[in-house]
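Welcome! Have a look at the structure below, and then we will walk through it together, step by step.

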Amino acid sequence: MHIAEGFLPITHCAFWTACTLPSAWDSIRQLRRPEVRARRLELAAAGGTLLLLTALKLPSVAGSSSHPTGITLGTVLFGPRVMPALVLSVLILQALLLAHGGITTLGANLFSLGICGPFTAYLAFRICRRFGVPAAVSTGAAASISSVAVYGAAALQMALAYPDPRTGIAGAIGRFLAVFAWTQIPIALVEGAMTAVVYRLLEGATFTAKLEAAR
Amino acid sequence: MKRTLLALTAALLAALVLFAIPRAERIGSDDRAMAVATEMRAGKKIGRQSFGLTPNGLEERLLFALQAGAGVGLFCYAYLGLRRRGSAG
């Protein structure tokens with residue numbers, strides 16, 4: 001999910017923006033590296049997956065929605081440092097044109113979707129690979145875990161802004177997580193399967209045994 | 001094929017922009033967390049009483065469909081390019 005425009009106090013907006021600026025800057029620099037530019041097609045595949053999956057808003061109860069994150073493919077192909085710039089471009093597009101997310105909440109959304117998610121995905125992928133799990137399965141597992149992590153980060157951000165009057169921040173986190181879990185856990189599982197399939201597709205397309213080896 | 005996909009992606013993005021700009025204030029996303037936050041923010045002043053939501057409205061569906069279409073187009077373009085490069089390699 002993206003935190004909508006106007007839902008975070010301005011001090012929180014400034015804080016999250018300040019937290020994400022170094023990563024965003026570093027990510028843009030990463031994109032300029034020759035080895036990344038030489039793999040534009042893989043980058044396009046990662047961007048296309050991100051665009052597609054973040055657009056799949058699935059309806060849930062009370063007329064609301066939730067969606068996959070789409071960050072794992074790019075993370076596995078290029079590493080987590082490249083992802084903030086890709087995510088930032090999609091977030092800006094959605095905030096300006098689709099009113100999904102917002103400009104004031106751009107920093108908070110970038111932190112959860114562009115930083116927390118990719119680094120979690122990368123860690124999960126590496127751990128799976130260390131235990132000898134096949135690359136496609138590792139990618140799927142990383143996608144599921146990072147999808148939940150993104151929503152965990154968003155729950156934390158929301159809870160910091162809106163602590164529960166009785167139970168405080170911890171109570172608010174629990175409440176937000178409970179809200180997210182209904183839709184996000186099934187979505188995370190589906191996203192894991194979809195990402196694994198997409199990874200296999202790319203693996204087949206390039207006729208290489210392991211895309212990760214090229215990184 | 002590659003050029004067709006690129007053109008399709010560009011057309012979808014252009015349609016997204018043309019369709020979205022006049023309607024940007026009327027459409028919006030809605031997550032259940034927003035509803036919870038709305039409850040929790042009672043008595044708190046927030047930055048902006050934002051946008052009139054029309055969750056699952058036709059425009060919103062179309063816009064998100066356009067974004068998804070652009071994503072599919074971009075992915076197919078990359079996939080075909082990679083396949084061609086793989087064959088060549």
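## Before we start

Two packed helices are described by the angle between their axes and the distance between the axes. Please keep in mind that this is a predicted model.

## Chain A as a whole

Let us begin with the overall layout. Chain A has eight helices and two strands. Reading from the N terminus, its elements follow the order α-α-α-β-β-α-α-α-α-α. Chain A is as compact as a globular protein of 215 residues, because its radius of gyration of 17 Å is close to the 17 Å from the globule rule.

Along the principal axes, the C-alpha atoms of chain A fill a box of roughly 55 × 35 × 30 Å. Buried residues make up 60% of the 215 in this chain. Among contacts in chain A with a separation of 6 or more, 72% join residues 24 or more positions apart.

## Helix 5 meets helix 6

Now for a pair of helices in chain A. Helix 5 of chain A covers residues 83-98, and its axis lies 9 Å from that of helix 6 of chain A, at an angle of about 145°. The crossing of these two helices is right-handed.

Which residues of helix 5 of chain A meet helix 6 of chain A? They are M83(A), P84(A), V87(A), L88(A), L91(A) and A95(A). On the side of helix 6 of chain A, the partners are L106(A), N109(A), L110(A), L113(A), G114(A), I115(A) and P118(A). The residues of this contact between helix 5 and helix 6 of chain A divide into 11 nonpolar and two polar, with no charged ones.

## Helix 6 meets helix 7

Helix 6 of chain A also packs with helix 7 of chain A, which spans residues 135-161: the axes come within 7 Å and cross at roughly 145°. This crossing is right-handed. The residues in the contact of helix 6 with helix 7 of chain A comprise 17 nonpolar, seven polar and one charged.

## A closer look at I115(A)

I115(A) sits in helix 6 of chain A, which runs over residues 106-130. Is I115(A) buried or exposed? I115(A) counts as buried because it has 24 C-beta neighbours inside 10 Å, and the cut-off for a buried residue is 20 or more.

Setting aside neighbours within four places in sequence, I115(A) is in contact with T20(A), S23(A), P84(A) and L110(A). The C-alpha atoms of I115(A) and I28(A) are separated by 13 Å, while the two residues are 87 residues apart along the chain.

## How confident is the prediction?

For chain A, the mean pLDDT is 85, and 91% of the residues reach 70 or more. Confidence in chain A is highest in helix 6, at 95, and lowest in strand 1 (residues 58-59), at a mean of 58. Over residues 60-64 of chain A, pLDDT stays under 50, and the model has 15 contacts beyond four places in sequence for this stretch.

## And chain B

Chain B has three helices and zero strands, in the order α-α-α from the N terminus. Of its 89 residues, 34% are buried. Residues 24 or more positions apart account for 93% of the contacts in chain B with a separation of 6 or more.

Technical notes: Residues numbered from 1 in each chain as written. Chains lettered and ligands numbered in written order. Predicted model: local features only at pLDDT ≥ 70, side-chain atom pairs only at ≥ 80, totals over all residues. Helix = DSSP H or I, 4+ residues; strand = E, 2+ residues; numbered from the N terminus. Rg over C-alpha atoms; globule rule 2.2 N^0.38 Å. Buried ≥ 20, exposed ≤ 12 C-beta atoms within 10 Å, placed from the backbone. Contact = placed C-beta atoms within 7 Å. Axes fitted to C-alpha atoms, helices over the stretch in contact; angles between N-to-C directions. Left-handed = near helix turned anticlockwise from the far one by under 90°. Nonpolar A, V, L, I, M, F, W, Y, C, P; charged D, E, K, R; others polar. pLDDT = per-residue confidence, 0-100.
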